[in-house]
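Hi,

Here is the structure I said I would pass on to you.

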Amino acid sequence: MRVPSELVPKCPVCGKPMSMNLRADDTFVEDDGWHKAAERYDEFLRRHEGLHILFLELGVGMNTPVIIKYPFWKMTYANPKAVYTCVNYGEAYAPDEIRGQSICINGDIHEVLNAL
Ligand SMILES: [Zn+2]
C-alpha cells in the first residue's frame with residue numbers, strides 16, 4: 001500500500017513533489033478560477049435561499065468540517081424546506097436539530113450512487 005516515488009507528480013518549476021490542494025496548511029491556492037467558482041456557489045445559495053433545496057454531502061469527513069459540513073447543517077437548520085443528505089462510509093451523521101430534515105446513508109459513495 002505504498003505509492004512508488006517515481007509516480008508522485010513533480011512541480012515543473014522547482015521539481016518538488018506535488019500534492020492535492022487541501023486546506024491543510026498555508027499553501028492552499030485560491031486562484032482566479034477558485035474565486036469564480038466561489039462566486040457561482042454564493043450566487044446559487046442566494047438564488048435558492050428559503051426554497052426547497054437539497055444539500056448533498058458526499059464523503060465529507062471531520063478534517064475540515066467548517067468548509068462544507070457545518071455550513072450545510074446551518075443552512076438546513078435555517079430553512080425548513082431544506083434537506084441535508086450525507087453519504088459517508090462510517091461517518092454518516094446529522095445533528096439532532098436537523099434530524100427530521102436529514103437523510104444519512106452509511107455506505108460506499110460509488111455503490112450508493114449506482115444504486116440510485
Ligand atoms: Zn514548485
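This is a predicted model: local features need pLDDT of at least 70, side-chain atom pairs count only at pLDDT 80 or more; totals for chains, interfaces and linings use all residues.

**What I found**

Strands β2 (residues 83–88) and β3 run parallel to each other and pair over five bridges. A strand here is a DSSP run of E with at least two residues, a helix is a run of H or I with at least four, and both are numbered from the N terminus. Two strands count as paired if DSSP finds at least two bridges between them.

Residues are numbered from 1 along each chain as its sequence is written, and side-chain values use heavy atoms, with hydrogens and water left out.

Back to the sheet. What is the order of its three strands? It goes β1-β2-β3, in an open sheet with parallel pairing. The edges are β1 (54–58) and β3 (102–106), each pairing on one side only. From one strand to the next, the twist averages 10 degrees (axes are lines fitted to C-alpha atoms, for helices over the stretch in contact, and angles run from 0 to 180 degrees between N-to-C directions).

β1 and β2 are also parallel, joined by five bridges, and Leu56 has Thr85 in β2 as its bridge partner. In a regular strand, side chains alternate between the two faces of the sheet. Buried means under 20% relative accessible area, exposed means over 50%, and partly exposed is in between (1.4 Å probe, protein chains only).

Now for helix α2. Which residues of α2 are buried? They are Lys69, Phe72, Trp73 and Thr76. These residues sit on the same side of α2, because they cover an arc of only 100 degrees around the axis (the arc is that of the directions from the helix axis to the C-beta atoms). They pack against α1 (32–47), β1 and β2, where contact means heavy atoms within 4.5 Å. On the face turned away from the buried side, you'll find the exposed residues Lys74 and Ala78.

The largest nonpolar core has ten residues: Leu45, Ile53, Phe55, Phe72, Trp73, Ala82, Tyr84, Cys86, Ala94 and Ile98. Such a core is a set of buried Ala, Val, Leu, Ile, Met, Phe, Trp, Tyr and Cys residues joined through side-chain atoms within 4.5 Å. The elements giving two or more residues to this core are α2 and β2.

Two loop residues are worth a click. Asn79 lies in the loop between α2 and β2; Asn79 counts as buried because its relative accessible area is 8%. Tyr93, in the loop between β2 and β3, counts as partly exposed because its relative accessibility is 44%. Leaving aside neighbours within four places in sequence, Tyr93 is in contact with Trp73, Tyr84, Cys86, Arg99 and Cys104.

Last, the zinc ion: its protein donors are Cys11 (SG) and Cys14 (SG), 2.2 to 2.3 Å from it. Donors are N, O and S atoms within 2.8 Å of the metal (3.2 Å for Na, K and Ca), and water is not among the atoms, so sites may look incomplete.

Cheers
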